[in-house]
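The sequence and model are shown first.

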Amino acid sequence: MNRMEGKVALITGGARGQGREHARQLAAEGADIIITDICEQIPGVKYPMATPGDLEETVAIVEGLGRRCLAYIVDARDVARMREVTDAAVAELGHLDTVVINHGIAIPHEPDDPDSYELWDAVITTNLSGVYRTASVVIPHLKNQGGSITVIGSSSSIVAHYNNPSYTASKHGVIGLVKSLAADLSQYWIRVNAVCPTAVATDMFINDYNLSRFNPGEPNPTVESLKFPATALHQLPVPWIEPEAVTKAVLYLASDDGKYVTGVALPVDAGTTTQPPGITAFIGQRIAELS
């Protein structure tokens, strides 16, 4: 089923991880793809970010599916450059139908961290201001024909997580922005929604920094040792979800399947944001095993 046949999709943060999967599945459904990514390290980020080689690999995946793919190294915070590459790509491909604003960073820190101001600014400008700037650039291309914008939020868009004030604030802010844009753009048949995943099996979550952070005092933390604390966040007994699960929600919202859906924040979070007070069945079982 080619739900995106004849469509053009722009995806930020498309070099790897969730962005790559969004590009792959939308291309498999018939869309030509425009991808952007900063492809360099942002100061303060403690895990390796995407590289130009990652971007080239995503292009090869999309082209291997028989679709066109235009790729640009650009920082979403740089609105002038985002406008330049978007205008150039749309001129080449003829139109723009759907946008997936997927880029984002996480820099855990405590509020009294001596570097908290710089870390706060890096996260807020990337995860919130960069989303607004991207939206402002693509909206003129969608106004004449309608279309969709899907922003990748987080379970942190709905509930707070420890030691992540900037990330939580930025992702909460994204939901307010989505609802505001949905209201303002509805007259143009531009639908604006958010997908809010829990931890996803990408390099942004499964990395050496998080292995140590979730296993304090453990001299040699492994991916296996990450599974228990990660699963403890969820109602469903899984430590994280696969990128394709997020993309299926994106595809629903971007395609005609979701043509009457706008202004929503769709959790794909294994129950993180709906977990009632108390001890989950998973934690209870572990306590029983240790008793």
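Is phenylalanine 205 buried, partly exposed or exposed? Phenylalanine 205 counts as buried, because its relative accessibility is 11%; buried means under 20% relative accessible area, exposed over 50%, and partly exposed in between, with a 1.4 Å probe and protein chains only.

## Basis of the values

This is a predicted model, in which local features need pLDDT of at least 70 and side-chain atom pairs count only at pLDDT 80 or more, while totals for chains, interfaces and linings use all residues. Residues are numbered from 1 along each chain as its sequence is written, and side-chain values use heavy atoms, with hydrogens and water left out.

## Aromatic pairs

The count of aromatic pairs comes to three. Phenylalanine 205 and phenylalanine 214 form an edge-to-face pair, at 5.7 Å centre to centre and with 70° between the planes. Rings of Phe, Tyr and Trp (its six-membered ring) pair if their centres lie within 6.5 Å; planes under 30 degrees apart count as stacked, over 60 as edge-to-face and the rest as tilted.

Phenylalanine 214 has 22% relative accessibility and therefore counts as partly exposed. Ring pairs link Phe205, Phe214 and Trp240 into a cluster.

## Isoleucine 152 and histidine 22

Isoleucine 152 is found in strand E5, residues 147-152, and histidine 22 in helix H1, residues 17-28. Helices (H or I, at least four residues) and strands (E, at least two) are DSSP runs, numbered from the N terminus. Isoleucine 152 is buried, with a relative accessible area of 4%, and histidine 22 is buried at 0% relative accessibility.

Contact means heavy atoms within 4.5 Å. Leaving aside neighbours within four places in sequence, isoleucine 152 is in contact with Gln18, His22, Val100, Ile101, Asn102, Lys171, Val195, Pro197, Val246 and Val250. Isoleucine 152 and valine 268 are 116 residues apart along the chain, and their C-alpha atoms are separated by 11 Å.

Threonine 202 is found in the loop between strand E6 (190-197) and helix H6 (208-213). Its relative accessibility is 11%, so threonine 202 counts as buried. Not counting residues up to four places away in sequence, threonine 202 touches Gly17, Gln18 and Pro243.

In helix H7 (residues 223-231), the buried residues are Leu226, Pro229, Ala230 and Thr231. What covers these buried residues includes H6 and helix H9 (281-290).

## Cysteines

The count of disulfides comes to zero, a disulfide being a pair of cysteine sulfur atoms within 2.5 Å. Cysteine 39 is buried at 10% relative accessibility, and cysteine 196 is buried at 0%.

## Second largest pocket

The second largest pocket holds about 230 Å³ of space. Of the 14 residues that line this pocket, Lys7, Gly147, Arg191, Ala254 and Asp256 are the closest to its centre. On a 1 Å grid over the protein atoms alone, a pocket is an open set of points where a 1.4 Å probe fits, with protein on both sides within 12 Å along at least five of seven lines; lining residues have an atom within 4 Å of a point. Grid points are joined across faces, edges and corners, and a volume is the space filled by probe spheres set on the points.

By class, the lining has three nonpolar, six polar and five charged residues. Ala, Val, Leu, Ile, Met, Phe, Trp, Tyr, Cys and Pro count as nonpolar, Asp, Glu, Lys and Arg as charged, and the others, Gly among them, as polar.
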